[in-house]
Amino acid sequence: MIEKIEHIGIAVKDLDKANKIYEQLLGTSPYKMETVDSEEVNTSFFKTGESKVELLQATKNESAIAKFIAKKGEGIHHIAFAVKDIHKEIKRLKETGYTIINEKPKKGADNKLVCFVHPKNTKGVLIELCQEIP
Ligand code: ZN
């Protein structure tokens, strides 16, 4: 079951500058900043009610975020949905014909298990499923 939009991920070139912009916009400071080595990103998270905004900056030139920005520029990179049971959702979506980029969920930012659904199946939007690690 999909529970809610957990966060929206935004690819940025300069995390410090982006933090200031989003701090002013949202009237709150990031509650967490975290480097995720598996994804080669520095992240910061803002609470916006039930959902969050995640800013992502590449730590390497070859990382997925760097490639995304080179191709499309800064902007919305993915939408993340919170799920109760990520394994169950992966199975359900696979059976329905979606391409799951990593079928084995990996540890993402903000204490979550995550997997991604290929944007070719979702009208060009990269979808993240995430489950809180208890
Ligand atoms: Zn995310």
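Biologist: How many aromatic pairs does the structure hold?

Modeller: There are two aromatic pairs in the structure. One of them joins Y22 and F46. This is a predicted model, in which local features need pLDDT of at least 70 and side-chain atom pairs pLDDT 80 or more, while totals for chains, interfaces and linings use all residues. Residues are numbered from 1 along each chain as its sequence is written, and side-chain values use heavy atoms, without hydrogens and water.

Biologist: Why is the pair of Y22 and F46 called tilted?

Modeller: Rings of Phe, Tyr and Trp (its six-membered ring) pair if their centres lie within 6.5 Å, and planes under 30 degrees apart count as stacked, over 60 as edge-to-face and the rest as tilted. The centres of Y22 and F46 are 6.4 Å apart and their planes stand at 50°, so the pair qualifies and is tilted.

Biologist: What makes this pair a link between distant parts of the chain?

Modeller: Y22 belongs to helix α1 and F46 to strand β3, 24 residues apart. Helices (H or I, at least four residues) and strands (E, at least two) are DSSP runs, numbered from the N terminus. Helix α1, residues 15–26, lies across β1, β2, β3 and β4, and runs at about 5° to β3. Such angles run from 0 to 180 degrees between N-to-C directions of lines fitted to C-alpha atoms, for helices over the stretch in contact, that is, with heavy atoms within 4.5 Å.

Biologist: How do you know that β1 pairs with β5 and with β4?

Modeller: Two strands pair if DSSP finds at least two bridges between them. Eight bridges join β1 to the antiparallel β5, and five join β1 to the parallel β4, so both count as paired. A11 stands opposite G75 in β5, while G9 has E54 in β4 as its bridge partner.

Biologist: Why do β2 and β6 count as edge strands?

Modeller: The open sheet has eight strands in the order β2-β3-β4-β1-β5-β8-β7-β6, with mixed pairing. Both β2 (32–36) and β6 (106–108) have a single partner strand, so one side of each lacks a neighbour in the sheet. For β2, antiparallel pairing with β3 (41–48) rests on five bridges, and V36 stands opposite V41 in β3.

Biologist: What makes 15 lining residues of the largest pocket nonpolar?

Modeller: Ala, Val, Leu, Ile, Met, Phe, Trp, Tyr, Cys and Pro count as nonpolar, Asp, Glu, Lys and Arg as charged, and the others, Gly among them, as polar. The lining divides into 15 nonpolar, seven polar and seven charged residues. α2 gives the largest share, six residues.
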